[in-house]
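The structure to be read alongside the text is shown below.

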Amino acid sequence: MSEQPPYLRIADVLRQRVAEREWSPGDRLPSRAQIAQECGVGENVVRRAQELLISQGVLEGRAGSGTYVAEPRQRVRIVRSSAREQRGGSPFRADMRAVGKQGDWESRTDAKVPAPTEIAERLGIGAGELCVRTMYEFLADGRPVQLSTSWEPYALTAGTLVVLPEGGPHAGAGVVDRMAEIGITVSHAVERPEPRQANAEEASLLGIQKAALVTHIRRTYYSDQGRPVETADIIVPTALCEIVYEVPVS
């Protein structure tokens, strides 16, 4: 069995000291140089250990100030359920209300964006065919907790009142309700979640460390004719949110 990397060993030491309340929430940790000397390792090893614990929500870094024990934060519950999409309104806002938070989102839509190969495959269209792309940043009490990039075939909604997901009379209505306005019944969604590390852009938008754990959900909505009508990449930070799936039982 290979020996545990030094930074993981130091992370375990620091985590234990926090657990034993040697350092309480809000306390500033000793300098990296001091910890390195105490533990008999280099400062880079301490830095990597601290970065790991920051990504896990145990510590937090403050620019120009140092590293602190993180204050406890309630993880936001994100419920995934096709049944919730049928009820109208915003499931995200409902989730936030359930935990006493104000749910909202910011978005930016770009029309007529050529579909990348993977997106085209998910939508059953040719690579490069035009799509409407909308990027979302979901907020709980003004703090980002989830990202999503949605793609819809432009040919499907062009010339209709629902061509822009966040514009016009049906702005923000959601995929199911918007498609119903143009005579398309969305029958089901398929989601494929997988864990990975956040890239630099995602980390910056979510206020987490680069390489922190996230759940990447690839979601595709299908019409009752089996046609994909929308696909999205949803990014949920593990340290800030828990994902719950509601499975209907017939």
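A salt bridge is a side-chain nitrogen of Lys or Arg within 4 Å of a carboxyl oxygen of Asp or Glu. The model is predicted, so local features need pLDDT of at least 70 and side-chain atom pairs count only at pLDDT 80 or more, whereas totals for chains, interfaces and linings use all residues. Residues are numbered from 1 along each chain as its sequence is written, and side-chain values use heavy atoms, with hydrogens and water left out.

**Salt bridges**

The structure contains 17 salt bridges.

| Pair | Distance (N to O) |
|---|---|
| Arginine 17 and glutamate 22 | 2.7 Å |
| Arginine 133 and aspartate 110 | 3.0 Å |
| Glutamate 152 and arginine 178 | 2.8 Å |

The pair of glutamate 152 and arginine 178 links distant parts of the chain, 26 residues apart: glutamate 152 belongs to strand β6 (residues 143-153) and arginine 178 to helix α8 (residues 175-181). Helices (H or I, at least four residues) and strands (E, at least two) are DSSP runs, numbered from the N terminus. Burial is judged by relative accessible area: buried means under 20%, exposed over 50%, and partly exposed in between, with a 1.4 Å probe and protein chains only. Glutamate 152 is buried because its relative accessible area is 1%, and arginine 178 is likewise buried, at 2%.

Arginine 133 and aspartate 110 also form a salt bridge. This pair links distant parts of the chain, with arginine 133 in strand β5 (residues 130-140) and aspartate 110 in strand β4 (residues 103-114), 23 residues apart. Arginine 133 is partly exposed at 21% relative accessibility, and aspartate 110 is partly exposed at 24%.

In the bridge between arginine 17 and glutamate 22, arginine 17 counts as buried, with 15% relative accessibility, while glutamate 22 is partly exposed at 45%. A network of salt bridges links Glu118, Arg122, Glu194, Arg218 and Asp233.

Val46, Ala49, Gln50, Leu53, Ile54 and Ser55 of α3 are buried. The buried residues of α3 pack against α1 (6-19), α2 (32-39), β1 (59-62) and β2 (66-69), where contact means heavy atoms within 4.5 Å. Just after α3, glycine 57 adopts a positive phi of about 85°.

Two packed helices are described by the angle between their axes and the distance between the axes. For α1 and α3, the angle is about 60° and the axes are 8 Å apart. α1 is therefore oblique to α3. Axes are lines fitted to C-alpha atoms, for helices over the stretch in contact, and angles run from 0 to 180 degrees between N-to-C directions. Angles under 35 degrees count as roughly parallel, over 145 as roughly antiparallel, 65 to 115 as roughly perpendicular and the rest as oblique. The contact is made by residues of α1 including Tyr7, Leu8 and Leu14, and by residues of α3 including Ala49, Gln50 and Leu53.

**Threonine 215**

Threonine 215 lies in strand β8 (residues 213-223). At a relative accessible area of 17%, threonine 215 is buried. Residues up to four places away in sequence aside, threonine 215 touches Pro193, Glu194, Ile234, Ile235, Val236, Thr238 and Ile243. Among them, Glu194 also takes part in the network of salt bridges.
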